[in-house]
Amino acid sequence: MDISVIIPIYNVAEFLKACLDSVQKNVKNMDAEVILIDDGSTDESAEIASAYANSHEKFFYFRKENGGVGSARNAGVERAQGEYILFVDPDDLVVDGIWEKMLRSARKFQTDLTICDVAKLQNGKTVGSDLHLYAFYNMK
């Protein structure tokens with residue numbers, strides 16, 4: 001398996017469906033699994049995530065007691081079968097085809113880590129993320 005996508009979930013019902021739709025488009029033609037870790041949500045997040053797992057063969061739903069985002073990501077890593085691991089936050093939208101490009105690049109250059117740019121949607125417009133710009137300053 002090429003990639004394992006890990007999505008920690010905690011009370012994010014308002015964003016989750018859009019996130020999972022964008023993830024599903026990206027893994028459709030890839031050898032991938034999507035690991036949904038519900039960190040004890042009390043809203044409709046559990047129902048949304050489990051419905052995706054029931055209707056998409058690459059999606060797998062797990063529920064755990066609340067322990068925070070790091071704990072949820074670690075629970076996903078423990079279950080991951082992919083050569084590469086991707087972390088997606090449940091309020092993220094993934095650009096179509098980006099993971100195929102990242103996987104090709106990682107294999108071409110034999111890298112252990114591949115990163116990509118990040119943009120925020122703000123008032124209907126896409127803008128750069130200052131936090132991510134700082135983190136990637138002077139990177140090639």
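Two strands count as paired here if DSSP finds at least two bridges between them, and helices (H or I, at least four residues) and strands (E, at least two) are DSSP runs numbered from the N terminus. The structure is a predicted model, so local features need pLDDT of at least 70 and side-chain atom pairs count only at pLDDT 80 or more, while totals for chains, interfaces and linings use all residues. Residues are numbered from 1 along each chain as its sequence is written, and side-chain values use heavy atoms, with hydrogens and water left out.

Strand 1 (residues 3-9) runs parallel to strand 2, and seven bridges join them; Val5 has Val34 in strand 2 as its bridge partner.

As for burial, seven of the seven residues of strand 2 (residues 32-38) are buried, so the strand is largely enclosed by the rest of the structure. Buried means under 20% relative accessible area, exposed over 50%, and partly exposed in between (1.4 Å probe, protein chains only). Ala32, Val34, Leu36 and Asp38 point one way from the strand, with Glu33, Ile35 and Ile37 pointing the other way.

Turning to the rings, there is one aromatic pair in the structure. The ring centres of Tyr52 and Phe59 sit 5.8 Å apart with their planes at 40 degrees, so this pair is tilted (centres must lie within 6.5 Å; rings of Phe, Tyr and Trp, the last by its six-membered ring, are stacked under 30 degrees, edge-to-face over 60 and tilted for the rest). Both Tyr52 and Phe59 are buried.

Arg73 belongs to helix 3 (residues 69-79) and is partly exposed, at 25% relative accessible area. Beyond its neighbours within four places in sequence, Arg73 is in contact (heavy atoms within 4.5 Å) with Ile6, Pro8, Phe87 and Asp89. Arg73 and Asp89 are 16 residues apart in sequence, and their C-alpha atoms are 10.0 Å apart in space.
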